[in-house]
Amino acid sequence: MKALTWHGKGDIRCESVADPSIEDDRDIIIRVTACAICGSDLHLMDGYMPTMKTGDVLGHETMGVVEEVGRAHSKFKHGDRVVVPFNLSCGECFFCQKQLYSLCDRSNRNADQAAKVMGQSPAGLLGYSHMLGGYAGGQAEYLRVPFADVGPIRVPDELDDEQVLFLSDIFPTGYMAAENADIEPGDTVAIWGCGPVGQFAIQSAWMLGAGRVIAIDRVPERLAKAREHGRAETLDFSQVDIYDALMEMTGGRGPDRCIDCVGTESNPTGSFDSALDQVKAALFLGTDRPHVLREAIFCCRKGGTISIPGVYVGLLDKVPFGPAMNKGLTFKMGQTHTQRYLEPLLQKVVSREIDPTFVITHRAGLEAGPDLYKTFRDKQDGCIKVVMKPGL
Ligand SMILES: NC(=O)c1ccc[n+]([C@@H]2O[C@H](COP(=O)([O-])OP(=O)(O)OC[C@H]3O[C@@H](n4cnc5c(N)ncnc54)[C@H](O)[C@@H]3O)[C@@H](O)[C@H]2O)c1
Ligand SMILES: [Zn+2]
Ligand SMILES: [Zn+2]
């Protein structure tokens, strides 16, 4: 089959690889009908995520039609249309029982490797490095879905692929980010990053009762989307000092809730700390560039909450923990417990409360994938979200 594969920093290829097959009774194989490129895939492309190997199949936002089912299956049958969450969860362990699906204790086949660097291992992820399970991803014609009796959900025929695909990751991720922000009615919510995750965090902040949403980025079309579709006030970090602007907009108090939808690959902002991060990354002295986290800690009002869906990888330098402690901030973060949100958010799509297609700017077949990774990374051609359909 055709698949998008990783061959080192900046080198993504579309090539022929072996078809997946059932390896466990709980597996299903799907024929992929749509898949997407995520901001998290850029961390792989940019070489920030360790333990990738040449030829690894990428992709963790995927849906399709069930082709084959393992013997233990009663949930799905051949021909069912399903969306697949990006994290793999057994459904039975201590963490899955608590619906902490992204922390599943059993789905990472290489848990020892992850435990060495994290203390304990999180769940295995599709298409996301050997340290997180070494599972082939779904930017491909076919995908093997482990633990398929727990993860995927069937989707109604009346909704097309583009309307439901983002249940696999970015809609639940934006929603959990807003939930983690502990928004109280009328709160001012500041959201750093107007990529796909930021756009869904904006939508979700309103759903959860925000009184005001302020979105921060520098890419004009992403800021425009946040304003026009997201009804957010916007700040361009290349034009204004974000701390000064947020203080002015909130009467000197700071936003009640701050959401970091940027993560480890903050762009240079002209500030001293961000320049230092760039130098250290270039010299391999440290990979994370946590400028946004630092800024959010400074800007957040006393007693406020910082929610972090943006991915960080290792040990973060110069994070102002003293100010965070003394200001009494609450931090909530994590990979999304996607399975928890599938049904409730599907209902919001069915009831037309939200149409997730608003983020899509680019559609193509898998062959265009390598070029579209670059277009998405470099924010060229107005790109906000890429959807690929094998065979298109
Ligand atoms: N927690 C999860 O489960 C989960 C799931 C999906 C994605 N993510 C992470 O969420 C983050 C965003 O994903 P995405 O798909 O929206 O990616 P993206 O790269 O398209 O968006 C990031 C945006 O941040 C902006 N940005 C960069 N530096 C900034 C700064 N200093 N201030 C404000 N904005 C800045 C960029 O211009 C860009 O628009 C990534 O780190 C991704 O790995 C996490
Ligand atoms: Zn993702
Ligand atoms: Zn589990």
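Biologist: At 1% relative accessibility, does cysteine 90 count as buried or exposed?

Modeller: The model is predicted. Buried means under 20% relative accessible area. Cysteine 90 has a relative accessibility of 1%, so this residue counts as buried.

Biologist: Which arrangement do the four donor atoms around the zinc ion (ligand 3) make?

Modeller: The zinc ion (ligand 3) is coordinated by the SG atoms of Cys90, Cys93, Cys96 and Cys104, at 2.3 to 2.4 Å. Four donors count as tetrahedral if all angles lie between 85 and 135 degrees. Here the donor atoms subtend angles of 104 to 116°, so the arrangement is tetrahedral.

Biologist: How many residues apart in sequence are the parts that cysteine 90 and cysteine 104 tie together?

Modeller: Along the chain, the donors of the zinc ion (ligand 3) have the spacing C-x2-C-x2-C-x7-C. Cysteine 90 sits in the loop between β6 (81-84) and α2 (94-97), and cysteine 104 in the loop between α2 and α3 (111-118), so the parts tied together by this pair are separated in sequence by 14 residues.

Biologist: What percentage of the area that ligand 1 exposes when taken alone does the protein bury?

Modeller: Polar contacts of ligand 1 include one between an oxygen atom and a side-chain atom of histidine 43, at 2.8 Å, and one between a nitrogen atom and a side-chain atom of serine 266, at 3.1 Å. Taken alone, ligand 1 exposes 870 Å², and the share buried by the protein is 97%.

Biologist: Which element gives the most to the shell around ligand 1?

Modeller: Elements giving two or more residues to this shell include α6 (196-207), β10 (212-217) and α10 (291-299). The most, four residues, comes from α1.

Terms used. Residues are numbered from 1 along each chain as its sequence is written. Chains are lettered from A and ligands numbered from 1 in the order in which they are written. This is a predicted model: local features need pLDDT of at least 70, side-chain atom pairs count only at pLDDT 80 or more; totals for chains, interfaces and linings use all residues. Side-chain values use heavy atoms; hydrogens and water are left out. Donors are N, O and S atoms within 2.8 Å of the metal (3.2 Å for Na, K and Ca); water is not among the atoms, so sites may look incomplete. Four donors count as tetrahedral if all angles lie between 85 and 135 degrees; four count as square planar and six as octahedral if opposite donors are over 155 degrees apart and all others between 65 and 115; anything else is irregular. Buried means under 20% relative accessible area, exposed over 50%, partly exposed in between (1.4 Å probe, protein chains only). A polar contact is a pair of N or O atoms within 3.5 Å; within protein, one must be able to donate a hydrogen and the other to accept it, and residues adjacent in sequence count only if both atoms are side-chain atoms. Accessible areas come from the Shrake-Rupley method with a 1.4 Å probe; for residues, only the protein chains shown count as cover.
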